[in-house]
Structure formats: C-alpha cells, structure tokens
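Here is a short briefing on one protein chain. Look at the structure first, then work through the points by topic.

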Amino acid sequence: MKIGQYETHPAADIFPLMDKDGLAELAEDIRKNGQQSPIVLLGGVLLDGRNRVLACEKLGRKPVAKKWRGTGSPTEWVMSVNFHRRHLTASQ
C-alpha cells in the first residue's frame, strides 16, 4: 500500500486507517498544535504514522519523520506502540 509519497511496511497495515471525521480532527489538531509525534520510517518505508501523513497532506505540510531505531521485529514494535492507543472493535 502507498500513503502519500511513502510505501507502507506490511506491519503498518495491520491497523485500520482513521475514518473521515477522525482524520479531520487529527488534521485540525496538527494545524493548531503541530505534529506531536513523528512518523517512523524503516529504510524509507513507512512503519508508523499513516494517519499523520494523511493529515499533514490535508494541511499541505511535510510530516516530521524519524528513522526506526528499534531492534527485533518491526511488526512486534508496531503492535506495541499502536495496540493501546487505538479504539478498536472486537473484530478489528
């Protein structure tokens, strides 16, 4: 999958994207407060931050990015940083 200019890592696609309203709220928050969390790239591939990329695109901003410096499994890292911050349904 591709989000903006970035190819996405398969682990990034485990979690669903925000709906239209959630993305609009995120974009508005970034407009008001700036991007609080950078997107995370692994070898130029988007590992975390798909919604932040989309919100920044809506605002005409380049997202702040950092390189993944983790060790071990990128998939386990994505699960760890996303699982508790998401409001998922049982089926998701």
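Asp48 is buried, at 7% relative accessibility. In this predicted model, Asp48 forms a salt bridge with Arg52. The closest N and O atoms of that pair are 2.8 Å apart. Arg52 counts as buried too, because its relative accessibility is 10% and the cut-off for buried is under 20%.

**Salt bridges**

- How many salt bridges are there by the rule used here? The count comes to four.
- Side chains of opposite charge can pair when their charged atoms come close.
- Asp13 pairs with Arg50 in a salt bridge, and their closest N and O atoms are 3.4 Å apart.
- Asp13 lies in the loop between β2 and α1, while Arg50 lies in helix α2 (residues 50-59), so this pair ties together parts that are 37 residues apart in sequence.
- Asp13 is partly exposed, with 31% relative accessibility.
- Arg50 is buried, with 5% relative accessibility.
- Glu28 forms a salt bridge with Lys32, and here the closest N and O atoms are 3.9 Å apart.
- Glu28 and Lys32 are four residues apart in helix α1, which means that about one helical turn separates them.
- Glu28 is partly exposed at 32% relative accessibility.
- Lys32 is exposed at 58% relative accessibility.

**The whole chain**

- The protein chain has three helices and five strands.
- In what pattern do they follow each other along the sequence? The pattern is β-β-α-β-β-α-β-α.
- The radius of gyration is 13 Å, close to the 12 Å that the globule rule gives for 92 residues, so the chain is as compact as a globular protein of that length.
- The C-alpha atoms fill a box of roughly 35 × 30 × 25 Å along the principal axes.
- Of the 92 residues, 34% are buried.
- Take the contacts between residues at least 6 apart in sequence: 80% of them join residues at least 24 apart.
- The chain exposes about 6000 Å², and carbon and sulfur atoms supply 52% of this area.
- There are 14 positive and 10 negative side chains. The centres of these two sets lie 7 Å apart.

**Helix α2 and its cover**

- Which residues of α2 are buried? They are Arg50, Asn51, Arg52, Val53, Ala55 and Cys56.
- The cover over these buried residues includes the strands β1 (2-3), β2, β3 (39-42) and β4 (45-48).
- Helix α1 is also part of that cover.
- Gly60 follows α2, and its phi is positive, near 75 degrees.

**The loop between β2 and α1**

- Thr8 is placed in the loop between β2 and α1.
- Is Thr8 buried or exposed? Thr8 is buried, because its relative accessible area is 9% and buried means under 20%.
- Leaving out residues up to four places away in sequence, Thr8 touches Met1, Ile3, Asp13, Val45, Leu46 and Arg50.
- Two of these contacts, Asp13 and Arg50, are the partners of a salt bridge.
- The C-alpha atoms of Thr8 and Leu41 are 9.0 Å apart, and the two residues are 33 apart along the chain.
- His9 also has its place in the loop between β2 (6-7) and α1 (20-33).
- His9 is buried, with a relative accessible area of 17%.
- Which residues does His9 touch, not counting those up to four places away in sequence? The contacts are Leu42, Val45, Leu46, Leu47, Pro74 and Thr75.
- Val45 and Leu46 touch Thr8, and they touch His9 as well.

**The loop between β5 and α3**

- Thr71 sits in the loop between β5 (65-67) and α3 (74-83).
- Thr71 counts as exposed, because its relative accessibility is 74% and the cut-off for exposed is over 50%.
- Thr71 and Ala12 are 59 residues apart along the chain, and 17 Å separates their C-alpha atoms.

How values were computed. Residues numbered from 1 in each chain as written. Predicted model: local features only at pLDDT ≥ 70, side-chain atom pairs only at ≥ 80, totals over all residues. Heavy atoms only, no water. Helix = DSSP H or I, 4+ residues; strand = E, 2+ residues; numbered from the N terminus. Buried < 20%, exposed > 50% of the residue type's maximum accessible area, 1.4 Å probe, protein only. Contact = heavy atoms within 4.5 Å. Salt bridge = Lys/Arg side-chain N within 4 Å of Asp/Glu carboxyl O. Rg over C-alpha atoms; globule rule 2.2 N^0.38 Å. Areas by Shrake-Rupley, 256 points an atom, 1.4 Å probe, with all protein chains shown as cover. Lys, Arg positive; Asp, Glu negative; His and termini not counted. Charge placed at Lys NZ, Arg CZ, Asp CG, Glu CD.
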